Amino acid sequence: MQIKGTTKLLGIIGDPIEHSKSPLIQNAAIEALKLDYVYIPFLVKKEDLETVLKGFQAINLVGFNVTIPHKENIIPFLTNVSKYAKKIGAVNTVWLTKNGWQGTNTDIDGFIAPLKELNRDWHNILPLVIGAGGASRAVIVGLEQLGCEEIRVVGRNFQKLNAFKDSFLYSCLNCRISVYGWHQIGDLIPHSDLIVNTTPLGMYPNIDISPLTKEQNSLVKPNVIAYDLIYTPRPTLFLQEVQKQGGIIIDGSEMLVQQGAKAFEIWTGKKPSIEIMSKALLFS
Ligand code: NAP
């Protein structure tokens, strides 16, 4: 990649930002298409967000990704927010227009991309979502978009779970959300067609941990789909155990690549190579 006087700027803001894989996968896609762009990580403190946005606008930065802790806080600074980002209450992709900054959330596209390939009758699929944090919100909206009619969410803190459920009250979701305590996982597993782990349980370096106990793992349906948002390691212990039971497994790498690909398309108007982005992630 050659940076010239004409090179257009893309990037990602967050704090911390050093761990982000997005510069790797985005710059690989830029290089493959020989586009005159560069994607840079920016460490941005919460208190500097507004100043940074003004600076980005002044230098005509084309667009950027948003990660923790700015996904929600950035919304008041945007001129327009997509209906999906509004439903989730978080933005991960921003781009500059003549009317100001526009924002959306491509995590939904990223999450559902590998599920769409399975060609299921989603109206008859009963999903169980483990965890009720930020990523879980994109999972819920994604599952609603696929057509799931009921979504069960399990978490360790009932107060947070109820607040999570209530936060969707005005989102006009076409599905029912029911929440359950952690102790109920064992009863829910045998009835679940899709189990999504949205907690960090099992993420590097805690690779010997799983959200399910060995006994709970043995209760999964034989044709269950297990989806872990974690992408290091690939697969997690949770996915390894489900695979042993004959289930279909999906790790978080495709979600990461697909949400990035969607953002890339918004900024550049070009479809990036999913294969090249995945390889960049795999060999990182
Ligand atoms: P988050 O907002 O902090 O939410 C984490 C959730 O996990 C919360 O509900 C939290 O419960 C729960 N949790 C944390 N530790 C737990 C434990 N020991 N036992 C039970 N529950 C626990 O984080 P996030 O942004 O949603 O990210 C969650 C995971 O998804 C991370 O592993 C992240 O890397 C991954 N992710 C992947 C992608 C991708 O593209 N593949 C995208 C986004 C996120 P409390 O609320 O009770 O603390």
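Q: How much of the protein counts as buried, and what makes a residue buried?
A: Of its 284 residues, 52% count as buried. The label means under 20% relative accessible area, while exposed means over 50% and partly exposed is in between (1.4 Å probe, protein chains only). Keep in mind that this is a predicted model, where local features need pLDDT of at least 70, side-chain atom pairs count only at pLDDT 80 or more, and totals for chains, interfaces and linings use all residues. Residues are numbered from 1 along each chain as its sequence is written, and side-chain values use heavy atoms, with hydrogens and water left out.

Q: Why is Ser-178 called buried?
A: Its relative accessibility is 16%, and the cut-off is under 20%, so Ser-178 counts as buried. Ser-178 sits in strand β9 (residues 176-181); helices (H or I, at least four residues) and strands (E, at least two) are DSSP runs, numbered from the N terminus.

Q: What does Ser-178 touch?
A: Leaving out residues up to four places away in sequence, Ser-178 touches Glu-150, Ile-151, Arg-152 and Val-153. Contact here means heavy atoms within 4.5 Å.

Q: What makes Ala-32 partly exposed?
A: Ala-32 has 38% relative accessibility, and partly exposed lies between the buried and exposed cut-offs, so that's the label it gets. Ala-32 belongs to helix α1 (residues 22-32). Its C-alpha atom is separated by 8.1 Å from that of Pro-272, 240 residues apart along the chain.

Q: How do you know that strand β6 is largely enclosed?
A: Count the residues: five of the five in β6 (residues 100-104) are buried, so the rest of the structure largely encloses this strand.

Q: Which strands pair with β6, and what makes them a pair?
A: Two strands pair if DSSP finds at least two bridges between them. Strand β4 (residues 80-81) has two bridges to β6 and runs parallel to it, with Val-81 opposite Gly-103. Strand β5 (residues 93-97) has five bridges to β6 and runs antiparallel; there, Thr-97 has Gly-100 as its bridge partner. A hairpin of two residues joins β5 to β6.

Q: Which way do the residues of strand β11 point?
A: In β11 (residues 225-228), Ile-225 and Tyr-227 point one way and Ala-226 and Asp-228 the other way, and all are buried. In a regular strand the side chains alternate between the two faces of the sheet.

Q: How do you know that β11 pairs with β10 and β12?
A: Look at the bridges: four link β11 to strand β10 (residues 194-197) in the parallel sense, and three link β11 to strand β12 (residues 248-250), also running parallel. Tyr-227 is a handy landmark: Val-196 stands opposite Tyr-227, and Ile-250 is its bridge partner in β12.

Q: Why does the radius of gyration agree with a compact globule?
A: The globule rule is 2.2 Å times the number of residues to the power 0.38, with the radius taken over C-alpha atoms. For 284 residues a compact globule would come out near 19 Å, and the protein has 19 Å, so the two agree. The C-alpha trace spans about 60 × 40 × 35 Å along its principal axes.

Q: How many helices and strands are there?
A: The protein comes to 11 helices and 12 strands.
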